[in-house]
Amino acid sequence: MPRKPKRPCSFPGCPELTDGRYCDMHQRQMDAYYNKYERDPQTRKRYGRRWKRIRDRYISEHPLCEECQKYGRLTPAEEVHHIIPLSKGGTNADNNLMSLCKQCHSSITAREGERWARR
């Protein structure tokens, strides 16, 4: 299947071509900016080193996207999703986690209104 042509990085003055909005270097910078200035401080506390260990263990045990598998697609998982968000009383227990590809995780998060909710 043909791919979309690459486009310039959206970071001012960066000439790199990328598939996403930012090149890899500037995507890391923008993620750090989001985490530092736009993300809720309580959320920042919840997603520290402990969460990274839980996430890495879970994704190694469940390497395929669980949402895509429901539709017969075999897509590698890239992210771990809390079925019941931590902000609403969920836990990091395995029965509250789902391994998802980026597309499925983004669509679920947008449906639930967590990250992109209006303030």
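Modeller: Start with Glu67 and Lys70, which form a salt bridge with the closest N and O atoms 3.4 Å apart. A salt bridge here is a side-chain nitrogen of Lys or Arg within 4 Å of a carboxyl oxygen of Asp or Glu. This is a predicted model, where local features need pLDDT of at least 70, side-chain atom pairs count only at pLDDT 80 or more, and totals for chains, interfaces and linings use all residues. Residues are numbered from 1 along each chain as its sequence is written, and side-chain values use heavy atoms, with hydrogens and water left out.

Colleague: Where do Glu67 and Lys70 sit relative to each other?

Modeller: They are three residues apart in helix 4 (residues 66–70), so about one helical turn separates them. Helices (H or I, at least four residues) and strands (E, at least two) are DSSP runs, numbered from the N terminus.

Colleague: Is Glu67 buried or exposed?

Modeller: Glu67 is buried, at 15% relative accessible area, while Lys70 is exposed at 60%. Buried means under 20% relative accessible area, exposed over 50%, and partly exposed in between (1.4 Å probe, protein chains only).

Colleague: Next topic. What does Asp94 pair with?

Modeller: Asp94 forms a salt bridge with Arg57, with 2.9 Å between the closest N and O atoms. Asp94 is in the loop between strand 3 (79–82) and strand 4 (97–100) and Arg57 is in helix 3 (residues 49–61), so the pair ties together parts 37 residues apart in sequence.

Colleague: And how many salt bridges does the whole structure have?

Modeller: The search finds five.
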